[in-house]
Amino acid sequence: MFPLWLRLYLSRDKSRTLRPKSLRVWKPIPAQHRSFCSHFLHYFLSHCPQNEVFSEEEGAEDVMATGELNPNHYPAQRAAKVVQHYLTTRYGSPYRLFGLQRVHSGNAEDVGDSGRKYQLEIAVHEIISNTTQKCSAEVFFPHGQKQESPQVQASCEELLNISTKAQEEALYQQYKMNQTLISAQNLPDSHGHIEPDTKPLWHLGIVASSFIMLKESNENTLYNMAQVANITQLATENDQLKFDCHTLLHDMVSQEILHWKLLFTWSPAEGVKVLQMEQLPHCHHCEKPPNTN
Amino acid sequence: MVLFCRHQVLRIIPKNDIQLSLIKELEDMIHFELDFWRELSGVNTPVDVRVPFHSLQSVKIYLETQGIEYSVMIEDLQMMLDEEQKEMMSAAHAPKPRNTDSFDYANYHTISEIYSFQDMLVAENPNLVSKTVIGQSFEGRPLNVLKFSTGGTNRPAIWIDTGIHSREWVTQASGTWFAKKIVTDHRRDPSLTAILDNMDIFLETVTNPDGYSYTHSTNRLWRKTRKPNPGSRCVGVDPNRNWDAGFGGPGASNDPCSQIYRGPRAESESEVKSIVDFVKSHGNIKAFISIHSYSQLLLYPYGYTRTPVRDRPELDRLARKATTDLASLYGTRYTFGSIINTIYQASGGSIDWAYNQGIKFSYTFELRDTGRFGFMLPANQIIPTAQETWLALMTIMDYTLKNPY
């Protein structure tokens, strides 16, 4: 009786509070209905796209976005980056590192006053094996007075399928049996270069730094590694390898470079465990030449 | 001149609190003239100290009799310094490229190397390329703009700037590559030739020369200009928050210590004012493209407000085409959209200003990568980045040519 477009309109989710025009959330339009769009624009909440499902919408993120998110816009992207850090802390190693490949879809909702929860479908790239896989994740950003670590749950297709055991064991033995304690600076250097034998140290620095990036993330940050300024192996009495690390993190939103000091252990069995972390105040007027950073 | 002949650098590892305090006592023995490179921190954390030759024996005896573990990190400091000096000299005297064909595009260069390159390019292509100095940086460096033109008078033109944020090294490197690409492809590539038959291209490669120089000499991660801020210990203004577009609004900072400090007033930075004056007096710029890194984005205005630009649909379509063309080369995925929706609110930005001047095709690129290397992009990615970005630039320039307004 009713045309399909009208049925869709009438069955829309009315439980969402009515939003003023400027806060319209855009919606994907099912492919088969796009031809109606030019006539019934005003009944749908977004303009009809030519090819792509998702379209831009005016003022769609005036306040923090809730509901369905544009996967290419920053709210979903920032939440997805948190998932990358989370996966790195849980599964990262000198031979397993993650990058965010793409956000397929995202949804956000307020959890009363306590915070906001994001649900995401993302593609995660394992950098060293150069494989990509899908993950479903949930990120909860608490809204407290001071910075609280977001809570993440993620399930991915086959995250640990790529076996890195042998390489990790070999590296572990190599470091354990070494007479001298290894250390390295400026990973990567100014030209983006890393000596092959210091690469595992860079990777360890990234995994350890991910604990900080995870802990410090909120909806107004987007952290990436800038550089491992210094990583030094320390002696231990037990079977863990131990490292002292000075790491530089980049926050895309404030554009600041944050300096942190980390003490952490690693073994193939235990993974990376952070013992201490401390933010270093950045001294604005006391720069050191790049070589001695 | 200070010499460190036969000075050694020792690494000492205190194993317990007693050893810690013994090392502290060592610090107080002024006559040893010890120079701590890495200070006392805690148990099992190394202490690095330079020991002058005259104190070596005593210090080692002290450590050994107390059972304090140490190792010799540097056997002879002066020898090491001499080696380093030799290396640096040989690098500095490395054969300078004699022409732009032997210039190493797959590497990062100092500001003087880029300035030499620009002069060589002009000398080699006097009928196509000329150099204009549009102003001076705060520290007095020239702000060089290369003009690519086949003639005419005040033809409609394309503006491209790279390196406004000095730490984004792949952008200055790409700008250098673009300059060479234009002269190489002129009269070989039909699209570029058509563009240059009717339009001029202006390219400012080192848009923030003071900052760029600082990233080489002192701090690789410096972003802003190098102008001191009165009353503050912090230096510099974010040149991409200093334009007169939404200046003073949210999306920039009032704090001179901030990386996004907007400056005392719009166009307070000569690096910005020079471009403003140039563009205004030219009066016929039809596309304005600012190139940054990193994030792999192609952005159109606005950053300072959520109000969409009137030309949004067209800019969005063109951005889609440009990023598709970019991806065609190496599969590099770019996202596109307005600044404020895609990355963050940013006020006082260059392309917002340009758009409000009536320059419809105003775009910002954020080049490779997406965070793995970030600002420290490996040099072997310079050329691939420049090549793919060029495809997007050609798409935008071609469209600008074919859609006059």
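Modeller: Start with the lining of the largest cavity: 9 of its residues are nonpolar, 9 are polar and 5 are charged. Keep in mind that this is a predicted model.

Biologist: What makes this space a cavity, and what is its volume?

Modeller: The largest cavity has a volume of about 220 Å³. A 1.4 Å probe fits inside but cannot get out, so the space counts as a cavity and not as a pocket. The search of the whole structure finds 4 cavities of 30 Å³ or more.

Biologist: Which residues lie nearest the centre of the largest cavity?

Modeller: Asn240(B), Arg241(B), His292(B), Tyr344(B) and Glu366(B) do, out of 23 lining residues. In chain B, β9 (285–293), α11 (350–356) and β12 (361–367) each give two or more residues to that lining. The largest share, 3 residues, is from α11(B).

Biologist: Now the second largest pocket. How much space lies in it?

Modeller: About 1,200 Å³. A pocket is an open set of points, so this space is kept apart from the cavities.

Biologist: Which residues line the second largest pocket nearest its centre?

Modeller: Leu100(A), Gln296(B), Asp369(B), Thr370(B) and Gly371(B), among 43 lining residues. From chain A, α3 (74–91), β2 (98–111), α5 (199–216) and β7 (223–234) each supply at least two. The most come from α3(A), with 7 residues. By class, this lining holds 17 nonpolar, 19 polar and 7 charged residues.

Biologist: What is the phi of Asn130(A), and why point it out?

Modeller: Asn130(A) has a positive phi of about 55°, although it is not a glycine. Asn130(A) lies in the loop between β3 (115–126) and β4 (131–142) of chain A.

Biologist: On to the two chains. How many residues of each take part in the contact?

Modeller: Chain A brings 48 residues and chain B brings 52. About 4,100 Å² is buried between chain A and chain B, and carbon and sulfur atoms give 49% of that area.

Biologist: How do you know that Asp244(A) and Arg38(B) form a salt bridge?

Modeller: Their side chains meet at 3.5 Å, N to O. The cut-off is 4 Å between a nitrogen of Lys or Arg and a carboxyl oxygen of Asp or Glu, so the pair qualifies. The rule finds 1 salt bridge across this interface. It also finds 14 residue pairs in polar contact there.

Biologist: Which elements of chain A supply the side that touches chain B?

Modeller: α3, β2, α5, β7 and β8 (241–251) of chain A each supply at least two residues. The most, 7 residues, come from β7(A). That side of chain A divides into 17 nonpolar, 17 polar and 14 charged residues.

Methods: Residues are numbered from 1 along each chain as its sequence is written. Chains are lettered from A and ligands numbered from 1 in the order in which they are written. This is a predicted model: local features need pLDDT of at least 70, side-chain atom pairs count only at pLDDT 80 or more; totals for chains, interfaces and linings use all residues. Side-chain values use heavy atoms; hydrogens and water are left out. On a 1 Å grid over the protein atoms alone, a cavity is a set of points where a 1.4 Å probe fits but cannot get out, and a pocket is an open set with protein on both sides within 12 Å along at least five of seven lines; lining residues have an atom within 4 Å of a point. Grid points are joined across faces, edges and corners, and a volume is the space filled by probe spheres set on the points. Helices (H or I, at least four residues) and strands (E, at least two) are DSSP runs, numbered from the N terminus. Ala, Val, Leu, Ile, Met, Phe, Trp, Tyr, Cys and Pro count as nonpolar, Asp, Glu, Lys and Arg as charged, and the others, Gly among them, as polar. Contact means heavy atoms within 4.5 Å. Buried area is the accessible area (1.4 Å probe) that two parts lose on being put together, summed over both. A polar contact is a pair of N or O atoms within 3.5 Å; within protein, one must be able to donate a hydrogen and the other to accept it, and residues adjacent in sequence count only if both atoms are side-chain atoms.
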